[in-house]
Amino acid sequence: MASKTAIFRGILSQKPRFGARSMSSLFQNIEPAPKDPILGVTEAFLADPSPDKVNVGVGAYRDDNGKPVVLECVRKAERRVAGNLNMEYLPMGGSIKMVEETLNLAYGENSDFIKEKRIAAVQALSGTGACRLFADFQKRFLPDSQIYIPVPTWSNHHNIWRDAHVPQRTFHYYHPESKGLDFASLMDDVKNAPNGSFFLLHACAHNPTGVDPTEEQWREISYQFKVKNHFPFFDMAYQGFASGDPERDAKAIRIFLEDGHLIGCAQSYAKNMGLYGQRVGCLSVLCEDEKQAVAVKSQLQQIARPMYSNPPIHGALIVSIILSDPDLKNMWLKEVKVMADRIIGMRSALKENLEKLGSPLSWEHITNQIGMFCYSGMTPEQVDRLTKEFHIYMTRNGRISMAGVTTGNVGYLANAIHEVTKCA
Ligand code: LMR
């Protein structure tokens with residue numbers, strides 16, 4: 001038997017296994033990832049030196065001068081954050097105060113579900129993080145389930161459930177001819193899905209189409225979900241951006257709650273508080289009772305712990321300060337409405353400009369659709385021409401971020417759209 005010294009001597013004299021050549025071969029077969037269909041547009045926009053360039057790609061609000069906006073209520077809350085709070089770790093489930101206020105927005109201030117403590121809720125890294133936590137939870141605890149995703153949807157939804165290894169199915173949503181909702185096919189898909197299926201629903205201001213079911217249609221969808229025992233998972237990234245009123249924009253969720261569903265919900269403050277880069281949001285799961293909610297919350301925390309331990313504190317403090325102070329909350333509600341109204345105004349302006357140019361096409365859908373996006377109906381080739389010839393940047397599915405349209409660029413945008421669509 002070799003002595004201890006001999007064993008160690010052997011190890012010390014060995015050359016490292018990774019020579020320069022083998023190190024380089026470690027990564028040599030890795031191809032660059034394809035550009036993200038949304039964030040890649042921003043990269044291309046930033047690289048374009050043209051003074052005429054316009055970015056209507058990413059869904060990020062701009063003022064009428066095309067500048068990013070920090071809300072006044074956020075500025076005020078930040079001054080308080082800077083004044084007196086520490087920067088200790090938050091609990092794994094995030095800021096309890098922020099989560100409480102966030103549940104009020106989705107479930108209603110006087111919600112019995114909140115009083116009965118039936119909701120498992122954790123702070124999440126904005127809407128994306130909330131969806132991802134839920135998808136991981138689904139894979140871990142409901143391993144035989146799938147997720148039904150609308151066609152089309154926000155491109156990242158596919159990535160999220162793919163990386164969580166949850167099989168994806170699709171359901172009809174958008175009707176290309178009418179540029180509205182394909183309600184009949186949607187209902188057929190809901191009826192034909194196996195009982196107890198998971199469906200991803202956009203709570204309001206559907207991304208990318210700007211097409212939402214009416215209240216009556218939501219009631220029918222909810223009824224059919226009940227018949228089939230389906231589970232609705234709401235992604236509510238735009239609460240306040242559809243109507244200008246966060247309470248009104250929670251209507252779809254409230255209908256499902258009235259009908260006695262268990263639900264999941266992803267909320268985000270990226271858009272409605274302009275806290276894009278703060279990554280502050282919330283995942284909630286309505287359970288049958290408090291005992292289930294405690295268990296589900298603890299498991300969500302377990303999923304978060306090895307990924308990021310606990311969520312960041314700054315954005316959560318801003319949100320909880322604003323929502324727990326009646327004056328700041330009021331100011332926020334007014335500022336949300338200003339943003340939503342500016343977008344609504346730009347919809348009319350874009351449509352009017354196209355009509356004035358004598359476009360042979362109907363542009364009614366620009367004002368019929370709601371929220372941050374207009375799903376224009378332009379083809380990928382037409383979008384490519386907009387970019388190449390006019391330095392206008394948008395996603396190739398024809399989605400226009402109305403938040404990037406201003407009184408200064410709407411004429412230029414309309415003219416370019418007219419040029420690439422008039423011979424269609
Ligand atoms: C969008 O759809 O443009 C936004 O939600 C930003 C993003 O992360 O894709």
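**Notebook: salt bridges, cores and domains**

I looked up K337 first: K337 is partly exposed, at a relative accessible area of 39%. The areas themselves come from the Shrake-Rupley method with a 1.4 Å probe, and for residues only the protein chains shown count as cover.

I note that this is a predicted model, in which local features need pLDDT of at least 70 and side-chain atom pairs count only at pLDDT 80 or more, while totals for chains, interfaces and linings use all residues. Residues are numbered from 1 along each chain as its sequence is written, and side-chain values use heavy atoms, with hydrogens and water left out.

**Salt bridges**

I took a salt bridge as a side-chain nitrogen of Lys or Arg within 4 Å of a carboxyl oxygen of Asp or Glu. By this rule I have 18 salt bridges.

I found K337 paired with D341 in a salt bridge, N to O 2.9 Å. Both residues lie in helix α15, 4 residues apart, about one turn of the helix. D341 is partly exposed at 35% relative accessibility. I also noted a network: E215, R219, K251 and E258 are joined by salt bridges that share partners. For helices I take DSSP runs of H or I, at least four residues, and for strands runs of E, at least two, both numbered from the N terminus.

I then looked at R132 and D136, whose side chains form a salt bridge at 3.3 Å, N to O. They sit 4 residues apart in helix α7 (residues 126-141), so about one helical turn separates them. R132 is partly exposed at 26%, whereas D136 is buried at 14%.

D64 and R342 form a salt bridge at 3.4 Å, N to O. D64 is partly exposed at 30%; R342 is buried at 14%.

**Domains**

The bounds I used come from an automatic or database domain assignment. That assignment gives domain 1 (39-69 + 337-421) and domain 2 (90-324). I read 28 Å between the C-alpha centres of the two domains. Their contact (heavy atoms within 4.5 Å) takes 19 residues from domain 1 and 18 residues from domain 2.

**Cores**

My rule for a nonpolar core is a set of buried Ala, Val, Leu, Ile, Met, Phe, Trp, Tyr and Cys residues joined through side-chain atoms within 4.5 Å. The largest core has 95 residues, of which F234, I322, L350 and I400 touch the most other members. Helix α15 (residues 326-356) gives the most to this core, 9 residues. Domain 1 and domain 2 each supply at least three residues to this core. I listed what L350 contacts beyond four places in sequence: I366, I400, M402, V410, L413, A414 and I417. Apart from this core lies another, of 30 residues, among them A120, L283, I303 and A304.

**Surface patch**

I found L26, F27 and I30 making a nonpolar surface patch of about 350 Å². Patches are made of residues with over 30% relative accessible area and no salt bridge; like charges are joined within 9 Å, and nonpolar side chains (Val, Leu, Ile, Met, Phe, Trp, Tyr) within 5 Å. F27 belongs to helix α2 (residues 20-27) and is exposed at 57%.

Conventions: Buried < 20%, exposed > 50% of the residue type's maximum accessible area, 1.4 Å probe, protein only.
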